[in-house]
Amino acid sequence: MTVSQAIALLTGKIQSDLLVNVINILITIAPIFLAVILFVIFWDLWVNYVRSKQIFTTKYVVLELKLPKDTFKSPQAMEVFLQSLHNTSDGGKYVQYWKGETRPWYSLELVSIEGTVKFFLWAEEQRKAGIMSALYSQFPEIEIREVEDYTRSVHPDPKVTRIWAGEFKFAKKDHFPIKTYIDYGLDKDPKEEFKVDPMLPLLEFLGSVPVNQQVWIQILIMAHKQQRKLSDWFHKTDQWEDGAKKEVNEILMRDPITKSAGKKDEMTEITKLPSISEGEKEIAKAIERSQMKHPFDVGIRALYIAPKNEFNTPFGLGGIISSFKHFSSNNLNGFKPNDKKWHPKLDNPWQDFHNMRRNRYGRLALDAYKRRSYFFPPFKGVPMVMNTEELATIYHFPGSVSATPNLTRVPSKKAEAPANLPV
């Protein structure tokens, strides 16, 4: 055997031994890799399962809120109530990922049933007492009663009923606030005849809903919580808060505009324009004020339900969308239809054979509304971030300035009995 043959034999033996060792190592650690792969694949399925089980076994209530005949409080009272619902606690890791518990969420609902306008609040049954005490503390004359869920009486039947549904989103980034009740001067409690309430057009529209038709508006809220990114594990970051700080800094840190004239190396200031316009100052103030309030994750969903032969698309679609325009501002933020979650626009008959797509969307939208599902599967959406001031603007109890005849109110003022009544 030559030297080269001996070296080749030795090298082959070394490579063979190395390959065997590698295979043995892979076999040894294969269960670990398999466990990691299965964990990645099935983790979301497990979390969704335990959460769905927890949500399914939790009892919920629908509270009807009947307004007093005269409401003189500004939307700030509703803002104080909403602050009591801001709960960012979602328990420890054990209750989150083994029991499936989540942060509590609520549904603020404005409903018109054949023109009768009602306020509802949907929540977990165990939170009913706290909600009622918080409402009574701000609105002592309000009437609150637990009622059967009004959505149960409606069932998807495309032969008889047609359902149109959609969701709203912000026109700009979340850190830009909408035009709030403070911008309308309602925080100063003006006299009723001088109030300009942006909710009134929405209430008037709901009060004009014809017989046999219904409009439901659902505002789902859950306390907003800062998210931790993997790239910044030891610091909590938040797009809503960070975006606001960046926007304000960009506005306030602009340098004055100067022009130069004359000889080279000689700078003569001939004009000095203000770096920030009045409009930009107002934007910065509004964003800074917004950041001082408690934030919520919010989803807004609307349904228009009518008999098939009485369905009026311009009334339902146009009325709902136009009613939300009064909360918008050109220099700040506003609402617009979410095209990805809006009823499909199918103008040509061949796009939807026998209205199969429309009927399917209406059926799913009704199911999502009944479940009040938005933050978790099966109908998970992309929420907006709104603070208590913004929420109190789009959902509050109007004063007597509201002339909507079908707005349900308590028929008379409640008063305590005189102390000197005979026994």
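Me: Is Glu-64 buried or exposed, and at what relative accessibility?
Reply: The model is predicted: local features need pLDDT of at least 70, side-chain atom pairs count only at pLDDT 80 or more, and totals for chains, interfaces and linings use all residues. Side-chain values use heavy atoms, with hydrogens and water left out, and residues are numbered from 1 along each chain as its sequence is written. Buried stands for under 20% relative accessible area, exposed for over 50% and partly exposed for in between (1.4 Å probe, protein chains only). Glu-64 therefore counts as buried, at 3%.

Me: Which residue forms a salt bridge with Glu-64?
Reply: A salt bridge requires a side-chain nitrogen of Lys or Arg within 4 Å of a carboxyl oxygen of Asp or Glu. Here the closest N and O atoms are 3.1 Å apart, and the partner of Glu-64 is Arg-145.

Me: How many residues apart in sequence are the parts that Arg-145 and Glu-64 tie together?
Reply: Strands are DSSP runs of E with at least two residues, helices are runs of H or I with at least four, and both are numbered from the N terminus. Arg-145 belongs to strand β4 and Glu-64 to strand β1 (residues 60–66), so the parts tied together are separated in sequence by 81 residues.

Me: Where does Arg-289 lie, given its salt bridge with Asp-183?
Reply: The closest N and O atoms of Arg-289 and Asp-183 are 3.6 Å apart. Asp-183 sits in the loop between β5 and α5 (200–207), so the pair ties together parts 106 residues apart in sequence, with Arg-289 in helix α7 (residues 278–291).

Me: Which residues share one network with Asp-183 and Arg-289?
Reply: Glu-389 and Lys-293 meet through their side chains in a salt bridge of 2.7 Å, N to O. Glu-389 is in helix α10 (residues 388–394) and Lys-293 is in the loop between α7 and β11 (295–307), 96 residues apart. Salt bridges with shared partners join Asp-183 and Arg-289 into one network with Glu-79, Lys-293 and Glu-389.

Me: What is the relative accessible area of Glu-389?
Reply: Glu-389 forms its salt bridge with Lys-293. Glu-389 is buried, its relative accessible area being 2%.

Me: Which residues does Pro-158 touch, not counting residues up to four places away in sequence?
Reply: Pro-158 occupies the loop between β4 (143–147) and β5 (161–170), and is partly exposed at 37% relative accessibility. With contact taken as heavy atoms within 4.5 Å, and residues up to four places away in sequence not counted, Pro-158 touches Lys-308 and Asn-359.
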